[in-house]
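Thank you for making time this morning.

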Amino acid sequence: MVKTGRDHLRSLRDGRAVYIDAERVSDVTEHPAFRRSVRSACGLYDHQAAPANLETMTFASPTNGRRVSRLWQLPHNQRELVERRQALQAWAEATCGMIGRSPDHVGSSLAGMYMGRKAFEKHGPKRAKALADYFTYARDNDLYLSYVIINPQADRSKAASNQPGEDLVARIVDEDAQGITIRGAKMLGTSIIFANEIMVSGFMGLQAGEEDFAFTAMVPMNAKGLKAFSRKSYEAAAVSVFDNPLSSRFDENDAIVYFEDVKIPWERVLVYRDVQMAQAQWHDTRAHVLQNYQCQIRLMVKLRFLIGVARKIAEVNGIINYPQVRETLGLLAAKAVNIEAMVIAMEAAGEKFGEYYVPNRSILSASQAIAQQLYPEVVEALRMLAGGGLIMLPSSAADFGNPEIASVIGKTQRSSVATPTERVKLFKLAWDAIGSEFGSRHLQYEIFYSGPTFVTRGHAYRFYDWDAAKGMVDGFMASYDLPGEERP
Ligand SMILES: Cc1cc2nc3c(=O)[nH]c(=O)nc-3n(C[C@H](O)[C@H](O)[C@H](O)COP(=O)(O)OP(=O)(O)OC[C@H]3O[C@@H](n4cnc5c(N)ncnc54)[C@H](O)[C@@H]3O)c2cc1C
């Protein structure tokens, strides 16, 4: 009964309108731009369906008893939060932390919204019912969700309603007894190629008068009028799995989504023409917390992987015993442990939110702000350790098949601890992770996926306990005075 990779693969053959390289894709599961990455996404469901993993990865849906991903489980205490995290962590490990929008990211947003359904009740009983019903539907069908919640860049100094040209930012253009109709674009649909449905919403603030832009709706990827315009596929450009072990399989893709008069039934409209609710849905619920907690879990795994690569490079290049290299590796290890410790801390210092137990919001915000700075530092340190070895590589795995070239590879790709093939394999992996177009996109992703730095640092500012910090200073300053005015 549990969802498998095969089930998911089949569900993606739904007539969705995805465009790449001037063409509409007839089947994303077979197209060279997506096919391997689609299978990696499907592999997540096979992982949870494996009998040995069933208990760790799934739980019984409270409505029909079907085993579904633990991402849908709403924790009531720290133990349940940790159990849920262990499932998310296992999924991240299956992709070396390289898929940001695995099903647990937006699934977590929806779960966080559902935890805060009181905010939706204030918004209106129909919208609260739509949320509750959709949450149950998504959970019981173990849907793969992604989202588009950012307006396309055009003129960031102007409001959504005041952008140059027409029909840029997705907005409500019509409504009737069946639902709303939306028109316009959103960025940047990561993983939507292999998602079942997407959340269309807004994270950026809106002003009174911009109600047309203030909506949240759940839309199947094959909805009439929904068009996804893919960026360049790194998977298609990957020479082989040996040459590009990550981009050939974990290219989660990003796409501009254009809604060409897409009709959305009322039961899928969660926020309707309310600029305050458009913000409250993230912050008065625990949507923002749960989705970004998932990001920190994934980053924790990815850092462990990258630091493993760094250590292996140091060993293969015979530099591991230099004190300076150990110092660099030590600092890298400290950075990885920093994020890991924050994940554990946000669980241990978790908060009650109604009947639920959720990660600590202040620690989570701190972790996000630190991560944006930390990731580029990790990439730079890896580059410093690796030197020209990232480039001093055979053009492709095919070179090994040519005896003349293979003999030179054997003479030039040397190490005291690795064979020439092992050496090439490691450095190609390292380059794919941090230097290739895929690796470079990852750098951009880690810096921006949760908003520009002024947004994430704004959250860290907002959720810090300033009263405690200032109170400490006030208390200390009250313990002394001008000379001659000392208190007894
Ligand atoms: C690889 C990748 C994947 C993504 N995936 C998704 C996804 O799945 N779903 C989704 O909805 N979004 C996604 N995003 C979008 C992401 O959320 C945005 O990139 C992020 O919110 C920042 O918005 P922006 O890119 O428009 O940058 P901008 O908001 O335009 O900011 C860019 C820079 O402009 C300056 N700036 C802009 N505004 C101000 C201001 N008010 N004050 C001062 N300086 C300012 C800052 O220097 C800032 O760093 C993704 C982004 C990337 C790069």
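Predicted model: local features only at pLDDT ≥ 70, side-chain atom pairs only at ≥ 80, totals over all residues.

Which atom of Leu188 lies 3.0 Å from an oxygen atom of the ligand? A backbone N or O atom of Leu188 does, and I count that pair as a polar contact, meaning a pair of N or O atoms within 3.5 Å, where within protein one must be able to donate a hydrogen and the other to accept it, and residues adjacent in sequence count only if both atoms are side-chain atoms. The protein covers 70% of the 950 Å² of accessible area that the ligand has on its own, with areas taken from the Shrake-Rupley method with a 1.4 Å probe and, for residues, only the protein chains shown counting as cover.

Residues are numbered from 1 along each chain as its sequence is written, and side-chain values use heavy atoms, with hydrogens and water left out.

Staying with the ligand, 19 residues surround it, and the closest are Ile149, Gln153, Arg156, Leu188 and Thr190; a residue is counted here if one of its heavy atoms lies within 4 Å. In the side chain of Arg156, an N or O atom is 2.5 Å from an oxygen atom of the ligand, and for Gln153 a polar side-chain atom lies 2.8 Å from a ligand oxygen.

Leu188 sits in the loop between β7 (179–186) and β8 (197–200), where strands are DSSP runs of E with at least two residues, helices are runs of H or I with at least four, and both are numbered from the N terminus.

Now to the backbone elsewhere. Most residues other than glycine have a negative phi, and most peptide bonds are trans. Asp167, however, has a positive phi of about 55 degrees although it is not a glycine, and it belongs to the loop between β5 (145–148) and β6 (171–175). Asp261 also has a positive phi of about 55 degrees, but its place is in strand β11 (residues 255–265). How exposed is Asp261? Asp261 counts as partly exposed because its relative accessibility is 36%, given that buried means under 20%, exposed over 50%, and partly exposed in between (1.4 Å probe, protein chains only).
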